[in-house]
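Subject: Handing over the two-chain model

Dear colleague,

Please find below the structure that I promised to pass on to you. My notes on what was found in it follow directly after.

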Amino acid sequence: MSDLFEYTLRLGDDALIAAQRTAEWIAAAPQLEEDVALGNIGLDQLGQARSLLQYAGQVEGVGRSEDDLAYFRNERDFRNLQLCELPSGDFAHTIARLLYFATYQHLLYEELRMSSDETLAGVAGKAVKEVAYHVDHATQWVLRLGDGTEESHRRMQSGLDAMWPYTAEMFASDDLVRRLAGIAVDPSTFADEWSRRITQVIDESTCSRPESSYQHDGGRDGRHTEHLGYLLAELQHVARSHPGATW
Amino acid sequence: MIEPLWEVFIRSRRGLSHTHVGSLHAPDATMALRNARDVYTRRQEGVSIWVVRAADITASSPDEKDEFFDPAGDKVYRHPTFYQVPEGVDHL
């Protein structure tokens with residue numbers, strides 16, 4: 001398996017699994033306007049996933065399409081962060097995840113625009129504007145829920161705490177990104193900046209920055225939480241029941 | 001939670017003025033602007049958005065319709081239809 005294929009898969013799977021979780025809110029968000037906002041965000045993420053998985057298929061060179069990669073791989077073949085697959089939970093949990101993940105994606109794509117790989121640079125150039133809006137959307141909600149009522153503050157803090165043990169995985173550097181120097185972005189290089197931005201939002205929201213000693217990892221190696229299997233069952237069910245079906 | 005209603009005005013790419021497109025609920029002006037972006041500009045409908053609290057709009061009342069609007073009905077001389085268009089002026 002080539003390094004570039006593996007790396008593109010990481011980015012594509014993050015976007016795909018995040019899109020699936022975000023889309024779960026359509027028709028279930030606290031207000032109609034938020035249904036549409038999260039729907040837009042989910043579609044942005046899905047668009048990124050399509051471009052990346054399509055490219056991963058080309059790089060691999062054995063004829064797998066974006067659909068083959070999305071619908072016909074098993075849990076252990078997925079390379080997404082565990083953060084992306086966690087259940088959506090309370091609305092504040094989803095917002096906490098979006099703040100962490102979109103801020104990460106924003107910093108990543110800003111760097112990836114300079115990649116020597118033209119396709120990755122192109123995808124990042126388009127996506128960076130989208131994720132800047134995702135960061136803004138999450139930030140607006142964290143501020144309002146955190147600095148809202150006693151109950152909204154409690155829930156926002158609970159969301160920030162629940163997602164926190166899955167954040168260190170985003171910045172794990174490994175041999176793969178080092179071998180792809182110039183093409184891939186080593187996420188450890190922007191960990192401090194991510195932390196600074198997150199802390200600023202959390203401070204302003206009157207919540208407190210979570211402190212957690214234990215941090216989960218394994219998503220990049222295909223080791224996932226029990227939640228990914230259920231997510232994939234829903235995502236892949238129709239395509240696997242009716243292979244090759246079109247409409 | 002009952003959130004205030006906001007009226008949304010959008011200026012299209014080629015338009016000169018903001019046009020009313022609809023309304024939405026939001027807790028404050030900042031969120032109203034973002035909701036308007038998400039709900040009303042998904043298909044590149046505009047390049048500028050105004051949001052106004054519906055409660056801040058002073059509107060004419062349907063009860064006053066007669067004295068407000070009827071008197072203008074029979075004053076046809078207010079319309080520019082009695083002028084002779086000079087010859088050679090094509091696009092007046």
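Which pattern does chain A follow when it is read along the sequence? Chain A follows the pattern α-α-α-α-α-α-α-α-α-α, with ten helices and zero strands, where helices (H or I, at least four residues) and strands (E, at least two) are DSSP runs numbered from the N terminus.

Before the details, two remarks on conventions. This is a predicted model, in which local features need pLDDT of at least 70 and side-chain atom pairs count only at pLDDT 80 or more, while totals for chains, interfaces and linings use all residues. Residues are numbered from 1 along each chain as its sequence is written, chains are lettered from A and ligands numbered from 1 in the order in which they are written, and side-chain values use heavy atoms, with hydrogens and water left out.

Chain A as a whole

The C-alpha trace of chain A spans about 55 × 40 × 30 Å along its principal axes. Its radius of gyration is 18 Å, which agrees with the value near 18 Å that a compact globule of 247 residues would have; the radius is taken over C-alpha atoms, and the globule rule is 2.2 Å times the number of residues to the power 0.38. Of the 247 residues in chain A, 56% are buried, where buried means under 20% relative accessible area, exposed means over 50%, and partly exposed lies in between (1.4 Å probe, protein chains only). Among contacts (heavy atoms within 4.5 Å) in chain A between residues at least 6 apart in sequence, 80% join residues at least 24 apart. The accessible surface of chain A, from the Shrake-Rupley method with a 1.4 Å probe, comes to about 11000 Å², and carbon and sulfur atoms account for 51% of it. Chain A carries 22 positive and 40 negative side chains, and the centres of the two sets lie 2 Å apart; Lys and Arg count as positive and Asp and Glu as negative, with His and the chain ends not counted, and each charge is placed at NZ of Lys, CZ of Arg, CG of Asp or CD of Glu.

The core and some residues of chain A

The largest nonpolar core has 83 residues, of which A:Tyr7, A:Leu83, A:Tyr100, A:Tyr104, A:Tyr109, A:Met156 and A:Trp194 touch the most other members; such a core is a set of buried Ala, Val, Leu, Ile, Met, Phe, Trp, Tyr and Cys residues joined through side-chain atoms within 4.5 Å. Helix α5 (residues 91-112) of chain A gives the most to this core, with 14 residues. Leaving aside neighbours within four places in sequence, A:Tyr7 has contacts that include A:Leu108, A:Leu112, A:Leu120 and A:Leu176.

A:Leu53 has its place in helix α2 (residues 32-60) of chain A and counts as buried, at 2% relative accessibility. Beyond its neighbours within four places in sequence, A:Leu53 is in contact with residues including A:Leu9, A:Leu16, A:Glu66 and A:Arg73. The C-alpha atoms of A:Leu53 and A:Glu66 are separated by 4.9 Å, with the two residues 13 apart along the chain. A:Asp192 and A:Glu66, in turn, are 126 residues apart in sequence and 33 Å apart in space, C-alpha to C-alpha. A:Asp192 lies in helix α9 (residues 191-204) of chain A and is exposed, with a relative accessible area of 67%.

Two backbone angles deserve a note. Most residues other than glycine have a negative phi. A:Ala27, however, has a positive phi of about 75°; it is found in the loop between α1 (3-23) and α2 of chain A and counts as exposed, at 67% relative accessibility. A:Thr206 has a positive phi of about 70°, is found in the loop between α9 and α10 (227-241) of chain A, and counts as partly exposed at 42% relative accessibility.

Chain B

Along its principal axes, the C-alpha trace of chain B spans about 60 × 40 × 15 Å. Buried residues make up 21% of the 92 residues in chain B. Chain B has 11 positive and 14 negative side chains, with the centres of the two sets 12 Å apart.

With best regards
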